[in-house]
Amino acid sequence: MDMSNEVSMGNEAAFSRACASLVGGVNSPVRSFTSVGGSPFFIREGHGSYVVDIEGRRYLDYVQSYGAIIHGHGDDGVLAAVMDAARKGTTFGAPTLGEVELAERIKAKVPGIDLVRLTSSGTEATMTALRLARGVTGRSKIIKFEGCYHGHSDALLASSGSGVASLGLPASVGVTPAAVLDTIVAPYNELPKIGEDVAAVIVEPVAANMGLVPASAGFLQELRRLATEAGALLIFDEVITGFRIAEGGASTLFGVTPDLWCFGKVIGGGLPVGAVAGPEEIMAYLAPTGPVYQAGTLSGNPLATAAGSAALRQLNSASYRMLAGRAEQLAFGLTKVIEEADLAVQIQRVESLLGIFFADEPVTNYREAVSSVERGIYAHFFHAMLKRGIAMAPGPYEVLFPGLAHTVDDVDKTIDIASAAAVEARD
Ligand code: PLP
C-alpha cells in the first residue's frame, strides 16, 4: 500500500482510501456528508478565508474548523507562536508559563473568572464542569436544553443537536439509561422547574448547534435568577460563543454572570484546547486543591496554549465591530437573494454568528429547527453553494463562522453565488 500523501489523488479516491482505515472516512461525524449526500472533499491547505482541496479547488470557507479559527487559516501571529513553542519542546508533563499566560488572558477578558482549568477539548470542559457542580452542591441532577450540544460525554448527549441531529439519532447507542438518569432535558427558551436535587443548569447562551437560535429576551436573566433561588449552579457553555460574539463572550454581552464557564475553539487558536473557569470558591474544589478529580496528559499543552494566547492577544473591540459588520452584511444579503428566489428563509444572527433556516417564521427552539430542516432544502442549497466555491458545514444544524479574514468582497461574492444557489435549491 502506498501511504504517501505526495501522490496526486482526487477527492473520491481519497475518500475510498480514508474509508478503508478511518471509520466512515472521517474522525468526527460532522465532517461526513451523510446528511447532505455525496462524499467530503479533502483539504490540502487553508489561507485566510479560503481552503484548497487536494484537487486544487478553492472554497471560500465558512466552517473555519467549526469556529476554532477566528483570524482565518494560517494566521501569521498564531503560526509564529506555535513554531516558536514547538522548537522548545512539544509537551513536558510539568507546568509552563504558556499555560499561565492563556489563563490570565481569559481572566482579563471575562469578569467573574478567578481560576481556570485547561483541558484539550470542549467535551472535557463540560464534563469537568458537571462533575465540579455535583461536587460543590452535593446534588446529582443536571438540566440541559433540547438542541444544545455540549460535547459527546454520555450524560450530555441526550437531545443534543449538531451531528447527532444531522444523522437523525435521538441520542447514541452505547449510552446506558443509568448514564442519563440524572439528565433532565428542557425545551430551549422555556424556563425549567429547577428542583432541589439539581446541581446545575447548563446552557449555550446562544444556541449554535441546532442552527443559530438566540436566547429570547430575559431567558438567560431568568435562568440566572431561578438557578440562584434553587441553589443550583448556572453553567454557560461558551465553547462557541466565547471570545467570538464579544470580547468577553456571552456573559458580558448579555450581562449575565454564570457560576461556571466552559470554553474551547477560539481559545486554542486552532489547536486542541478547552477550559472550565469560574470564581475561586467553586474552582478550588478541583484537584489538587479540592476533592473533585480531573486531569489530562496534554492539558495546557505548550503548542496549544501558545496558539491560544496568540489568538486572544490579537482580539480587541475593533475586531468585534468588524466581525459583526461582516456578519450583518452577509445576513442582509443572504436574506435578500434567497427571498428573491421565492424561498422562505430566516437568517438568524447574534453578532458574528449566523445560521440559515428555510422557514416561514423565526425559529426559537429545537422542535421548530427540526421542522424547518425537514423541508429538506438545506442539502440542495449546500451543494449548489459548494459547486460554486462556497463551503458551509455539511449539516443543516450548524452555523456559519464569518471571521476576521473574510473581506467585504468575500461576502459580496458569497451573496452573488447564493442568489444562483437559491434558485437551484428551489428547483
Ligand atoms: N460545547 C459546544 C457549545 C460545542 O459547540 C462543542 C463542539 O462543537 C462542544 C461543547 C464540544 O467541544 P469539542 O468538540 O472540542 O469536544
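Predicted model: local features only at pLDDT ≥ 70, side-chain atom pairs only at ≥ 80, totals over all residues.
The crossing of α4 and α10 is left-handed. On the α4 side the contact is made by Gly 98, Glu 99, Glu 101, Leu 102 and Arg 105, and on the α10 side by Pro 302, Thr 305, Ala 306, Gly 308, Ser 309, Leu 312 and Arg 313. Sorted by class, the residues of this contact between α4 and α10 comprise 4 nonpolar, 4 polar and 4 charged.

Helix α14 (residues 408–426) takes part in a packing with helix α11 (residues 317–340), in which the two axes come within 9 Å and cross at roughly 20°; α11 and α14 are therefore roughly parallel to each other, and their crossing is right-handed. From α11, the residues Arg 326, Gln 329, Leu 330, Gly 333, Leu 334, Val 337, Ile 338 and Glu 340 meet Val 408, Val 411, Thr 414, Ile 415, Ala 418, Ser 419 and Ala 422 of α14. The contact of α11 with α14 contains 9 nonpolar, 4 polar and 2 charged residues.

Helix α14 also packs with helix α13 (residues 377–386), here at an angle of about 135° and with the axes 8 Å apart, so that α13 and α14 are oblique to each other. The crossing in which α13 passes α14 is right-handed. Ile 377, His 380, Phe 381, Ala 384 and Met 385 of α13 form this contact together with Ile 417, Ala 418, Ala 421, Ala 422, Glu 424 and Ala 425 of α14, and by class the residues of the contact of α13 with α14 divide into 9 nonpolar, 1 polar and 1 charged.

Taken as a whole, the secondary structure of the protein amounts to 14 helices and 15 strands. The radius of gyration of the protein is 21 Å, close to the 22 Å that the globule rule gives for 427 residues, so the protein is as compact as a globular protein of that length. The C-alpha trace spans about 55 × 50 × 45 Å along its principal axes.

Definitions and conventions. Residues numbered from 1 in each chain as written. Axes fitted to C-alpha atoms, helices over the stretch in contact; angles between N-to-C directions. Helix = DSSP H or I, 4+ residues; strand = E, 2+ residues; numbered from the N terminus. Parallel < 35°, antiparallel > 145°, perpendicular 65-115°, else oblique. Left-handed = near helix turned anticlockwise from the far one by under 90°. Contact = placed C-beta atoms within 7 Å. Nonpolar A, V, L, I, M, F, W, Y, C, P; charged D, E, K, R; others polar. Rg over C-alpha atoms; globule rule 2.2 N^0.38 Å.
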